[in-house]
Amino acid sequence: MPIKVPNNLPAVDALTKENVFVMTDSRAMTQDIRPLHILLLNLMPTKIDTETQLTRLLGNTPLQIELELLQMSSHDSHNISEDHMIAFYKTFDAVKDNNYDGMIITGAPVEMMEFEEVDYWEELCEIMGWAEKHVHSTFFICWGAQAGLYYHYGIQKKLLPKKLSGVYKHHLDYKNGMLFRGFDDEFYVPHSRNTTVDRADIEAVPELKIISSSEEAGVYCVKSEDDRKIFVMGHSEYDADTLLKEYVRDVKAGINPEIPVNYFPDDDDTKEPLVRWRSCANLLYSNWLNYFVYQSTPYDIKEISQIDLALVPRKQAELTVAKFGGSSLADAGQFRKVKAIIEADDARRYVVVSAPGKSAEYPVKMTDLLIGSTGSPRKFTENMDMIEQRFQDIIDELGIDFDISEPMNEIRSRYRSGMTSGVYLSSRGEYLCAKVIAEYLGYDFIDAADMIIFDYEGKLDKETTRERIAGILKNHERAVIPGFYGAYANGVIHTFTRGGSDITGSLIADAIGADLYENWTDVPGMLLTDPKLVENALPVPVITYKELRELSLRGASVLHEDAVAPARRTRIPINIRSTNEPDAPGTLIVSSADSYQSMLDISGITGQTGYACITIVKEKQNENPGFRTKIIEIFDRHKIKVYNQQSSVDMLNIIVDDKYLQTRYDMLKKEIMDETSASGVSVNNELAVISVVGRNMSSSPEIGMKVFDALTKEKINVVFVDHAAGSPGMTVGVDEHDFEFAVIAIYREFSVMSIS
């Protein structure tokens, strides 16, 4: 694909002679393609050389690029004509209302000066700050990289004993990253500078990662953990003769420079320089454009200022909310595991707990016991005694100094007096569990009823809840909060749906601005498919909020949307982990997974049986939109939810849940025939639906092909296919008796290929 540049830019002629496809403004107007908008802030005095070098690299990619050139209005360029600057360069005022997919900030010959002494430093700081909201990914070069590290992270540059000049051997410090994908174990990069940045200073910043370095030249490439900032110390963009020109210039100036290292054959400056960095340079810029710009920037460039750009959590969170499910708190042994997990990371300051789940000694979940207590006075007494004894066993085994009889007697008294309802009773498992574990940990107990507020229609009052949580917890360094319930403004207890402790944890993480929300359960993360169908199914290491929502809508048993929404609002990563395998990384749920390399091509396989396909035949129905509208109206009238519809020339297939048809099919068929003059209506009641979800589903045809290859190998017939443009999910319909075989076949196709 071409790179689009301003008409008559001098680089056009040079690049055209090199067979680099360059597209001018006028020609690009005829192209109906969304180009990547790249802004080049050129600080080099040799403007045209730098334009040509970077344009060459940006143009060596299958993507269409639209390049704009930016100058500093607070600095006069002395080595280039004013006409050139006026014709091709814009000022910051002219671009500050725009958004860009990427920006490059070049080096500059001002490295011997303190940053604050540079005459355009304030303007550069303004641009770097502006880029946080208006640029998806910024690529800093040489002095530009040092300036960026200083501005964003306070890392100061250091003066070298002598000028670093030459072509140096480099290696990868991090081999699994996408920026250097395809690089050899050793590669060469030109350097020409008098200053550097110390490795120790970079490593002291958790948000930064060193990707590549050189024994002689030091740190070469650093990236921010969210992939929005790339800092490159060398000059991969240099032409074959750039170092030569600098060397000759310094010789003429009487500086008596040393011969650039590894540049001239045999260090003989009369010989033609040896180029050994060009292929690596092309690959570096191609990888940046592809993996760090194109694959994550929004199609609507105006959304860059609002897009969710927080890709990953910090390596070491400073503030973590840890929620523990019922299986993690089923007995004293599980309590010990929970305490060990919390004490292993000082950041786990706020803990949310569910009611104890099943255990070997107590095979009934505590919440089920509480709900079952409302049947009769005798049942209430029996269940309350059982619950009290269960907590007493835990307290005794752990050696906790806590009198469980006091809160238990209060629950008995309030319920028997009629002051409370069964809703109140169902919430007491979390309440009691939080009381006990707070005592065990030495944390404060905070009642969720004081923070989680519902309106009188039973809907969560989000703003009041957020304010209450933030206001109360700021006065508690460490606390345990019961999940699942809150209260109306008058203090009457109200609960979420089952699984509501997940929602409580997410609400707290959002309100206090946590770095991470951990959800501890009895599985080592989200699994690639249902373990009832595939034994020992692989865990999914990383999944996006969008994929998670897609899986949930397709019927998978994953975190409920309400449990994800608060954390997603402030881009807090969610980590699903196993209390029984605390060293396993679990599954990380993030806004974007582009910065993660995963062995898995997909994020989940889910499905259900019990669907039916109603086939309606009418000649040329596809030419009559009113026909399909009428069909949907009939289904709506019968309150039958349409799961999917497939249309052909003379046929319309409607996929619905079969249970809705069991008593209504004959009536439905008659209405369709009478109201639409259809020539035939039939039904297939034995249908299963399988969904495959993956963030690269729309961009990688190989994924869809693998789904069909898997089914073809098992001779499984596909009844229908649904894959909307841009959707992370593909749905296929198969005969019900093929359901398990189909899921296993698809799982095997992706899991075996991924780990081989």
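Select S213 and the residues that it touches, leaving aside those up to four places away in sequence: H170, H171, D173, R199, G218, V219 and Y220, where contact means heavy atoms within 4.5 Å. This is a predicted model, in which local features need pLDDT of at least 70 and side-chain atom pairs count only at pLDDT 80 or more, while totals for chains, interfaces and linings use all residues. Residues are numbered from 1 along each chain as its sequence is written, and side-chain values use heavy atoms, with hydrogens and water left out.

Staying on S213, show the side chain of R199, with which the S213 side chain makes a polar contact at 2.9 Å (a pair of N or O atoms within 3.5 Å, one able to donate a hydrogen and the other to accept it; residues adjacent in sequence count only if both atoms are side-chain atoms). S213 is buried, at a relative accessible area of 3% (buried means under 20%, with a 1.4 Å probe and protein chains only), and belongs to strand β10, residues 208-214 (strands are DSSP runs of E, at least two residues, and helices runs of H or I, at least four, numbered from the N terminus).

Next, select the six strands of the open, antiparallel sheet, ordered β25-β26-β24-β27-β29-β28; two strands pair if DSSP finds at least two bridges between them. At the edges, β25 (642-647) and β28 (718-722) each pair on one side only. Within the sheet, seven bridges join β24 (604-617) to β26 (651-657), and I614 stands opposite I654 in β26.

Methods: Buried means under 20% relative accessible area, exposed over 50%, partly exposed in between (1.4 Å probe, protein chains only).
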